[in-house]
Amino acid sequence: MLEYLRNAADKPVAKILIGILAFSFVGWGVAEWIFGGAIRGQNIASVGGESISIQEFNTEKTRQMAMLDKDMQKKIYTDANAANQFYGAVLGNLVTNKMVENRADDLGFVVSDRRVAREIRQFPEFQENGAFSTRLFDTVLYQSGFSEATFADYLRHQIKRSMTLGAMAVPIKVPDFALRAAYNARHAQRQIDYIPVKFSQFNVGTPTDEQLRQFYAANPVRRPETRAVSYILVAADMTKPDQADRAYELAQRVEDDLIGGASMADMPARHRVKHVSIPAFAVDARPVDRVLDDAMMARVFDMDVGVESELIETKDGYVIIRVDTINPAQIADFDSVKKDLGTAWRRDAQRKQAYVRANELLVALNADGKLPGKKSVTVSRTSGAPTDVLVAAFKGEIGDNSIVPGTDAFYVMHIADDIDPRMDNKKMQAMRPEIQNMMTRGIMDDYNAFLGREYPAKLNHKLLDRVMAK
């Protein structure tokens, strides 16, 4: 078995698939394992007892940064969200690699120096006129930030990971019975009878004040928390170091004045900076403002009232923000919403009457099998009736009678019969790669969960927070 994995790992196609699989593990749960625990010290993470040092993190961060184009590098330097996503991906890769390498060690995989040398000689990037070139080798390593020793070590670990994940590069054979079952499930049809009982067919009149009060008592309107904020912006082109440095010095002077008791409204006259005051708004109804992006909004709704923030670096300059007032969430007064309750009351009353009528039809259907005014249709999983009816039609059993709730109606439905799909070999074979991918994904999910249990990962939150703040 070990020899088979080694052989599979040697194949170019297998290497590509293994790379994809290894990358996929980052998105399929590694964050949960990382953030599930915490460690202390100068190691940024621990994986199954093996440590990932801050030096390893910084080396990998530098290596991956060098692989990005200038626009993406600029975005990471100036956009906190982009930077945090990049750092998270770097750490995710390190944790994933460490888990797989731990598994390789437990399986007894060993990569010899001869194997590493052979792999290096076969790299296309190091070839010149069909032969290994020492010049190209040195040039590429220098541009990538590797020494010969670190590259050999990096490649050794990569080979070990490919040996561990090699079996997953082998295509899974989909059994014919599974393919037929999937085809039948997708293309099966059913014969159903149904009748809609629409809410709109019931006239409920105009509600009295007492009826509205009773309705509001059962369906109160909750006003969300709102906050009024103000901020100072020390504008600068943060892609230009000189401007960024000058803006930082000015922002520090503004900060000192605020600490000394000056108001934000005084700052434009004192330092020629921008002062903005924004009336109260809810978190899901924020004003159109360039500074108040998602990250800033999260900060605003986590701050205490009347306290200025520290200096916040943004792509437009440095910001100091303050929450001026907080209006807590509360139930709205009846009189303030009374005029808007009529439509909701009428719809609720219509819905109740429609349900009563639908129950009458269902009782009669159960008693004598009759459904006056019914529609008899053949439906698939995607067509032939309203979506709510389609879902219920394939969820129930043959002979079932039921009421199906919809957006604007109740449907009384009878499931009459199954209709087997006509076999279409071309369509069925077209499903084979899809079923294969689903089975492969299931195996990888299971293996991913196994690695997480076998080699639990913990994060040094304090150290990572310090890294993220840089």
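**Notes on the pocket, the sheet and a helix pair**

1. In this predicted model, α5 contributes the most to the lining of the second largest pocket, namely five residues. That pocket holds about 1,000 Å³ of space, and the elements that give two or more residues to its lining are α3 (54-66), α4 (70-78), α5 (80-107), α13 (294-300) and β9 (312-314).

2. The lining of the second largest pocket comprises 31 residues, and those lying nearest the centre are Asp79, Ala80, Asn81, Glu313 and Met468. Sorted by class, the lining has 15 nonpolar, five polar and 11 charged residues, a make-up to keep in mind when the pocket is inspected.

3. β9, which is among the elements lining the pocket, also belongs to an open sheet of four strands, whose order is β8-β7-β10-β9 and whose pairing is antiparallel. Because β8 (274-282) and β9 stand at the edges with a single partner strand each, one side of each has no neighbour in the sheet. From one strand to the next, the twist averages 35 degrees.

4. Going through the sheet pair by pair, β7 (residues 226-235) is joined to β8 by seven bridges, with the two strands running antiparallel, and Leu233 has Lys274 of β8 as its bridge partner. β7 also pairs with β10 in the antiparallel sense, over 10 bridges, and here Ser230 stands opposite Arg322 of β10.

5. The pairing of β9 with β10 is likewise antiparallel and rests on three bridges, with Ile312 having Val319 in β10 as its bridge partner. These two strands, β9 and β10, form a hairpin in which two residues lie between them.

6. Helix α11 (residues 241-259) lies across β7 and β10 (317-327), and runs at about 35 degrees to β10.

7. How do α5 and α8 lie relative to each other, and what is the angle at which their axes cross? The axes of α5 and helix α8 (residues 148-165) come within 9 Å and cross at roughly 70 degrees; the two helices are therefore roughly perpendicular to each other. On the α5 side the contact is made by Asn97, Val100, Glu101, Arg103, Ala104 and Asp105, and on the α8 side by His157, Lys160, Arg161, Thr164 and Leu165. By class, this contact of α5 with α8 has three nonpolar, three polar and five charged residues.

Terms used: Residues numbered from 1 in each chain as written. Predicted model: local features only at pLDDT ≥ 70, side-chain atom pairs only at ≥ 80, totals over all residues. Heavy atoms only, no water. 1 Å grid on protein atoms, 1.4 Å probe; cavity = no way out; pocket = protein on both sides within 12 Å on 5 of 7 lines; lining within 4 Å. Points joined across faces, edges and corners; volume = space filled by probe spheres on them. Nonpolar A, V, L, I, M, F, W, Y, C, P; charged D, E, K, R; others polar. Pairing = 2+ DSSP bridges. Axes fitted to C-alpha atoms, helices over the stretch in contact; angles between N-to-C directions. Contact = heavy atoms within 4.5 Å. Parallel < 35°, antiparallel > 145°, perpendicular 65-115°, else oblique.
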